[in-house]
Amino acid sequence: MRLKRQKLPFPSSGCAGGAHNKEKEKEMEKEKEKGSSGPLPAGAAAAVGYMSVEDADALDCGACYHPLKPPIFQCNEGHVVCSSCRDKLVPAGKCHVCGTATSNYHRCHAMERLVDSIRVPCPNAAYGCNTRPAYYDHHGHCKTCPYAPYHCPSKECSFFGSTDALLDHLTGAHGWPSPTNISVFEMHSICLYDGFNFLLADCAEDDNHGNTTTTISSNKYLFLLNVTRQSLGRAISVHLIGQGSPSEILRCVLSCSLVVYDRCERHKFLASHSLESEINVECMDLPNGPTDPADCSHFVVPHSVLGDKNKEDPIQVNVCISIINLQ
């Protein structure tokens, strides 16, 4: 790997300035001899800020070509591989590059420290993200970045922006109902109108719910609940606006109940209805709008449960969002 470092101007070596520099050089030499990992001198720290990587391939595994991340291993000649490729190459007994007999690969701590220190800006910096993930974690961060821009769910709209800007756009440009704020893992009673409805689910960090433990950086999930009319009643589909994490499964439990009494004898019980569905939530960020309702899983509330509601009246259902961590 070749690193390009811009040279910085240093004070001249005359009189006091030169003596001061010589003292600094002696101190630096002593630190080198001790193998100190402490902070760099001011001049060296400034120089690091000017470094650039000319060959990014040098940061990738020589076998699978994926970014190197700790633990990193090397053969006896110094050729490095990731831990996954190390496990695959050990049975062959030789290095994949030089062919040197290698009974076992050794940890390359210097390379591990290097890749941990190389940080890259998030591509969503223009939308407010100040995170600088490690080079090897860049792709993973982008998948879960809370500042990632998303499309408006309307097929006729070309809006594309951050989550906060999208929330303002949904109500300001389209007049859709303001998002209902809920907490994950808790049951909430909400009112849903025909068409698009939005839930903004809040997840506190390090929530502990058995196998549903999760920690996320944004703490917010934006869901679209689309209510459509069918011959038997109203169908509700659920989508997550944005890209979900591959290590998480989002589930939505929808339920509705109704007790029916005789219209003439108000205390005369006639029937009770209780419905519940658990749906795996699909992620969407589509410029052409959400998936066709016919291709989605639905929670259907029959007309018999809705009772005598007017067509314009919202329906009341219970909703609970769960997050299952696969790691």
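Analyst: A salt bridge is counted when a side-chain nitrogen of Lys or Arg lies within 4 Å of a carboxyl oxygen of Asp or Glu. The structure examined here is a predicted model. A search of the whole structure by this criterion finds 5 salt bridges.

We may begin with a pair of neighbours in sequence. Arginine 86 and aspartate 87 form a salt bridge, and their closest N and O atoms are 2.9 Å apart. The two partners fall into separate classes of accessibility: arginine 86 counts as buried at 18%, whereas aspartate 87 counts as partly exposed at 49%.

Another salt bridge brings together the side chains of aspartate 194 and arginine 234, with an N to O distance of 3.4 Å. Aspartate 194 belongs to the loop between β9 (188-192) and β10, while arginine 234 belongs to strand β12, so this pair ties together parts that are 40 residues apart in sequence. Aspartate 194 is partly exposed, its relative accessible area being 35%. Arginine 234 is buried, with a value of 2%.

A further pair is arginine 251 with glutamate 278, whose closest N and O atoms are 4.0 Å apart. Here, too, distant parts of the chain are linked: arginine 251 is in strand β13 (residues 248-261) and glutamate 278 is in strand β14 (residues 269-280), 27 residues apart. At 28% relative accessibility, arginine 251 is partly exposed; at 55%, glutamate 278 is exposed. Some salt bridges also share partners, and in this way Asp194, Arg229 and Arg234 are joined into one network.

Strand β11 comprises residues 220-229. Of the 10 residues in β11, 7 are buried, and the strand is therefore described as mostly covered, given that buried means under 20% relative accessible area. Strand β10 (residues 195-202) pairs with β11 in the antiparallel sense, over 8 bridges. Strand β12 (residues 233-241) also runs antiparallel to β11, and 7 bridges join the two.

Where pLDDT is low, the predicted coordinates should not be read in detail.

A student who asks about ties between side chains will also wish to know about cysteines. A disulfide is a covalent bond between the sulfur atoms of two cysteines. The structure holds 0 disulfides. For cysteine 61, the closest cysteine sulfur is that of cysteine 85, and the distance of 3.7 Å is too far for a bond because the cut-off is 2.5 Å. Cysteine 252 is likewise in no disulfide; the nearest cysteine sulfur, in cysteine 320, is 8.0 Å away. Both residues are shielded: cysteine 61 is buried with a relative accessible area of 1%, and cysteine 252 is buried with 0%.

Burial can also be followed along a helix. In α4, the buried residues are Met111, Glu112 and Val115. These residues cover an arc of only 105 degrees around the axis, and they therefore lie on the same side of α4. They pack against β3 (72-74) and β5 (106-107). His109, Ala110 and Arg113, on the other side of α4, are exposed.

The loop between α4 (109-117) and α5 (138-144) contains asparagine 124. Asparagine 124 counts as buried at 9% relative accessibility. Apart from its neighbours within four places in sequence, asparagine 124 is in contact with Cys129, Cys145, Tyr147, Ala148 and Pro149.

Definitions and conventions: Residues numbered from 1 in each chain as written. Predicted model: local features only at pLDDT ≥ 70, side-chain atom pairs only at ≥ 80, totals over all residues. Heavy atoms only, no water. Buried < 20%, exposed > 50% of the residue type's maximum accessible area, 1.4 Å probe, protein only. Helix = DSSP H or I, 4+ residues; strand = E, 2+ residues; numbered from the N terminus. Pairing = 2+ DSSP bridges. Contact = heavy atoms within 4.5 Å. Arc of directions from axis to C-beta.
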